[in-house]
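The points below go through helix packing, then a strand pair, a salt bridge and some local backbone features.

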Amino acid sequence: MDKLLHLRVLSALVGIPIALLAAWYGSWLLWLITMLIFTAAALEMTTILKGLGLQPAGWIIQIGGLILFAGAYQYKDTIINVIYVLLVLINLLWLVFCYPKKTPTDVFANLAATLYLGNLVFLYLTRELPGGLAWLLLILTTTWASDTFAYFVGRAIGRHKLAPLLSPKKTVEGAVGGVAGAALTACLLAQFLPDLPVQPVVLLGALVGIASLLGDLFESAIKRQAGVKDSGHLIPGHGGILDRFDSLLITTPLVYYIVKLFII
């Protein structure tokens, strides 16, 4: 366990500065990094789907991601609904021309993977909002805080299993610690960033803590059904890209739309 913790710390020392640099600079750099993360995550998801007995077309998932990211870069979120419809049509056409070699279940898996992993685009879109750097830092720090607090609180005082069939090591105490840690981190961040209103941000931090946990459990369900422990081995101490970004896939669009619709 100590070796695993050391690997996690080492990975964080390398990964966090890169993430913060991309967040600070924004623009094409953040877009490119999130696109590369999508590409790696899509490769892992394709392998997992095959473990579920499906026959996904990884190239369609990759093309779908490229369309989604290119549309976001050019038009922000103004045509995102159109892109979603286009992705559905592409997958339906693939079924029509490949049937019966490919089944409707394979198509649904392709589409779900594209839209699920495509949530990474909201990292870039959040940065493009007014005061976007502050909101993006909120997403990153509260999501990381939720995972970190849940891990250490669970190790220290965790007694009651939260979801033993999905993730045996997760505890109720760890989950509460993760939500509290995310809310506390949001409160502290709001003291230093004037673009963040304190009361809404603390509530948003707590919601991030809950969403982060759900994102983690969702990926655990997929991996457990596929019979794999980690989504990959790219990040020492964490496993694959999906293992590190599963929570952000849920927390990022949540924060983006709450901020856009109710705060700014």
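1. Helices H7 and H11 pack with their axes 10 Å apart, at an angle of about 140°. Their crossing is right-handed. On the H7 side the contact is made by Trp135, Ile139, Leu140 and Thr143, which meet Leu248, Thr251, Thr252, Val255, Val259 and Ile263 of H11. Seven of the residues in this contact are nonpolar, three are polar and none is charged. Please keep in mind throughout that this is a predicted model.

2. Helix H11, residues 248–263, also packs against helix H9, residues 198–226. Here the angle is about 150° and the axes are 8 Å apart. Angles over 145 degrees count as roughly antiparallel, and H9 and H11 are therefore roughly antiparallel to each other. The two helices cross in the right-handed sense.

3. Which residues form the contact of H9 with H11? From H9 come Pro200, Leu204, Leu207, Val208, Ala211, Ser212 and Gly215, and from H11 come Ile250, Thr251, Leu254, Val255, Ile258, Val259 and Ile263. By type, eleven are nonpolar and three polar, with no charged residue. Thr251, Val255, Val259 and Ile263 of H11 are named in this contact and also in the contact with H7.

4. H9 has a further packing partner in helix H8, residues 172–192. The angle between H8 and H9 is about 145° and their axes lie 7 Å apart. This crossing, too, is right-handed.

5. In the contact of H8 with H9, the H8 residues are Ala175, Gly178, Val179, Ala182, Ala183, Ala186, Cys187, Ala190 and Gln191. They meet Val198, Val201, Val202, Gly205, Ala206, Gly209, Ile210 and Leu213 of H9. The contact counts 13 nonpolar and four polar residues, and again no charged ones.

6. Strand E1 covers residues 161–163 and strand E2 covers residues 167–171; the two pair in the antiparallel sense over two bridges. Together they form a hairpin, with three residues between the strands. Within this pairing, alanine 163 stands opposite serine 167 in E2.

7. How many salt bridges does the model contain? The count comes to six. Lysine 76 sits in the loop between helix H3 (58–75) and helix H4 (80–98), while glutamate 128 sits in the loop between helix H6 (121–127) and helix H7 (132–157), so the pair ties together parts that are 52 residues apart in sequence.

8. Two backbone features deserve a look. The peptide bond joining tyrosine 99 and proline 100 is cis, with omega about 5°. Proline 100 belongs to the loop between H4 and helix H5 (104–117). Separately, serine 27 has a phi near 50°, which is a positive value in a residue other than glycine. Serine 27 is placed in helix H2, residues 27–51.

How values were computed:
Residues are numbered from 1 along each chain as its sequence is written. This is a predicted model: local features need pLDDT of at least 70, side-chain atom pairs count only at pLDDT 80 or more; totals for chains, interfaces and linings use all residues. Side-chain values use heavy atoms; hydrogens and water are left out. Axes are lines fitted to C-alpha atoms, for helices over the stretch in contact, and angles run from 0 to 180 degrees between N-to-C directions. Helices (H or I, at least four residues) and strands (E, at least two) are DSSP runs, numbered from the N terminus. Angles under 35 degrees count as roughly parallel, over 145 as roughly antiparallel, 65 to 115 as roughly perpendicular and the rest as oblique. A crossing is left-handed if the near helix is turned anticlockwise from the far one by less than a right angle, and right-handed if clockwise. Contact means heavy atoms within 4.5 Å. Ala, Val, Leu, Ile, Met, Phe, Trp, Tyr, Cys and Pro count as nonpolar, Asp, Glu, Lys and Arg as charged, and the others, Gly among them, as polar. Two strands pair if DSSP finds at least two bridges between them. A salt bridge is a side-chain nitrogen of Lys or Arg within 4 Å of a carboxyl oxygen of Asp or Glu.
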